[in-house]
Amino acid sequence: MIWVIVFIAGILEIVWAVGLKYTDGFTRLWPSMLTLVAMAASFFLLSIAMRSLPIGTVYAVWVGVGAVGTAIVGVLLFAEPFSLARILSILIIVVGIVGLKLTA
């Protein structure tokens with residue numbers, strides 16, 4: 001169950017990272033509110049996970065889920081480049097996340 005919490009925290013990291021793009025420097029109210037709520041919820045869930053899992057593992061998995069998800073969303077929503085090098089880099093992060101989870 002605790003890994004589900006870490007994963008949800010990572011999903012919320014994707015939400016707030018993408019939300020930052022829509023806040024226009026926190027000048028737009030509703031995107032800013034959504035971004036701040038997602039940030040708070042993500043950090044809250046991260047702190048819960050850190051009660052029972054190693055800090056380095058939890059933080060690395062959280063960042064990895066957020067980075068991979070945000071990179072994918074960037075390609076899908078913002079037409080960011082999608083190259084072989086980018087795919088391989090994302091796969092390396094995923095391998096790292098799986099490795100950390102398996103060794104925790």
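Mentor: We take the conventions, then a surface patch, a residue in a helix and a salt bridge. This is a predicted model, in which local features need pLDDT of at least 70, side-chain atom pairs count only at pLDDT 80 or more, and totals for chains, interfaces and linings use all residues. Residues are numbered from 1 along each chain as its sequence is written, and side-chain values use heavy atoms, leaving out hydrogens and water.

Trainee: Which residues form the nonpolar patch on the surface?

Mentor: Patches take residues with over 30% relative accessible area and no salt bridge; nonpolar side chains (Val, Leu, Ile, Met, Phe, Trp, Tyr) are joined within 5 Å, like charges within 9 Å. Areas come from the Shrake-Rupley method with a 1.4 Å probe, and for residues only the protein chains shown count as cover. Here M1, V4, F7, I8, I11, V15 and L34 together have about 670 Å² of accessible area. Helix α1, residues 2-23, gives the most, with five residues; helices are DSSP runs (H or I, at least four residues) numbered from the N terminus.

Trainee: Is V6 buried or exposed?

Mentor: Buried means under 20% relative accessible area, exposed over 50%, partly exposed in between (1.4 Å probe, protein chains only). V6, in helix α1, counts as buried because its relative accessibility is 2%. Beyond four places in sequence, V6 contacts A49, L53, V58, V61 and W62, where contact means heavy atoms within 4.5 Å.

Trainee: How many salt bridges does a search of the whole structure find?

Mentor: The criterion is a side-chain nitrogen of Lys or Arg within 4 Å of a carboxyl oxygen of Asp or Glu. The search finds one: E80 with R86, at 3.8 Å, N to O.

Conventions: Helices (H or I, at least four residues) and strands (E, at least two) are DSSP runs, numbered from the N terminus.
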